[in-house]
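Please view the model alongside the numbered points.

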Amino acid sequence: MADTPQPRIAAIELRQIETNGIRANVAIAGSGPAVVLLHGFPHTWRLWSEIIDPLSGHYRVIAPDLRGFGDTTRASDGYDAGTLATDIAGILDALGEPTAAVVAIDAGTPVAVLLALRHPDRVRRLVVMEALLGLLPGAEDFLASGPPWWFGFHAVPGLAETVLLGHEARYIEWFLTTGTRGRGVRTDIHDAFVQAYTGADALRCAFSYYRALPTSAHQIDHAVAANRLTTPTLAIGAHPVGETLERQLRPIADNLVGQVIPDCGHIIPLDRPQELLNLMMPFLAEGPTVRSADRIQLDVPVAEHPRP
């Protein structure tokens with residue numbers, strides 16, 4: 001765990017919002033155009049702790065705990081990307097936001113992409129990170145030796161939660177350490193994540209995302225067969241996904257830029273928050289289109305030096 005100084009935190013309001021049959025815990029800060037932040041596994045809205053304050057000076061930041069995670073309803077089902085996208089649309093409706101920029105990582109990325117494909121009028125900009133999009137072409141090199149080991153472990157109904165019960169802290173810490181290339185995360189965030197994933201029901205919900213992956217993949221295939229991704233999109237990679245997500249998006253996206261942050265682990269918002277902001281802020285502020293090419297470097301400095 002990294003005991004680095006905590007950044008100045010924006011005034012954050014936690015609200016419980018009814019959406020699509022669940023009660024979502026949503027962190028809200030700032031004012032202006034809406035920006036939705038979607039976390040992955042093993043995270044909660046606190047994944048964005050170092051991002052919310054800078055964003056909230058320009059935007060209304062909306063960071064939910066996804067279905068089953070954190071303080072959101074631990075639903076019995078609905079962990080496919082399509083249902084989750086409907087959850088997010090309902091949050092926007094409840095907050096009176098007709099459109100939003102959507103920023104997502106890991107398990108949140110298929111949700112964000114599906115929302116943009118199904119409702120392009122609602123997603124004005126899209127930033128996606130460190131994830132695979134179902135079975136779309138482009139991930140062959142990444143999957144040459146098979147998917148990451150935990151995909152299969154988590155997918156077997158009832159197995160992982162039985163094996164891990166009572167050992168949640170060590171398991172979650174492995175992902176947090178590996179996802180920051182050994183640097184770790186702040187103690188308060190580490191503890192919040194461990195608490196959120198402790199207990200059989202919390203683990204069941206987390207692993208339900210993996211058990212719904214075949215359904216999510218089918219939903220993505222169906223969506224891209226019917227629509228192109230017209231929302232201006234920024235795909236950001238790190239270690240280990242790198243350019244894989246960009247390669248999956250390239251054939252289906254009209255306006256796409258890609259960037260890989262060097263010496264950065266999978267958990268980008270906590271491992272390299274400033275580098276992420278260096279890329280996100282200009283992109284979110286741009287006009288309705290971006291240049292599209294095989295590979296584009298944003299005219300934004302990305303630090304390559306080790307984090308202090």
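1. In helix α9, the residues Ser216, Ala217, Gln219, Ile220 and Ala223 are buried, that is, under 20% relative accessible area, with exposed meaning over 50% and partly exposed in between (1.4 Å probe, protein chains only). These residues lie on the same side of α9 because they cover an arc of only 160 degrees around the axis, taken from the directions from the helix axis to the C-beta atoms. An α-helix has 3.6 residues a turn, so residues three or four places apart point the same way.

2. The model is predicted: local features need pLDDT of at least 70, side-chain atom pairs count only at pLDDT 80 or more, and totals for chains, interfaces and linings use all residues. Residues are numbered from 1 along each chain as its sequence is written, and side-chain values use heavy atoms, leaving out hydrogens and water.

3. On the other side of α9, Pro214, His218, His222, Ala225 and Ala226 are exposed. The cover over the buried residues of α9 includes α2 (81–94) and α3 (108–118); helices here are DSSP runs (H or I, at least four residues), strands likewise (E, at least two), numbered from the N terminus. Contact means heavy atoms within 4.5 Å.

4. The whole structure holds 19 aromatic pairs. Rings of Phe, Tyr and Trp (its six-membered ring) pair if their centres lie within 6.5 Å; planes under 30 degrees apart count as stacked, over 60 as edge-to-face and the rest as tilted. Phe69 and Tyr197 form a tilted pair, 5.4 Å centre to centre with 50 degrees between the planes. This pair links distant parts of the chain, 128 residues apart.
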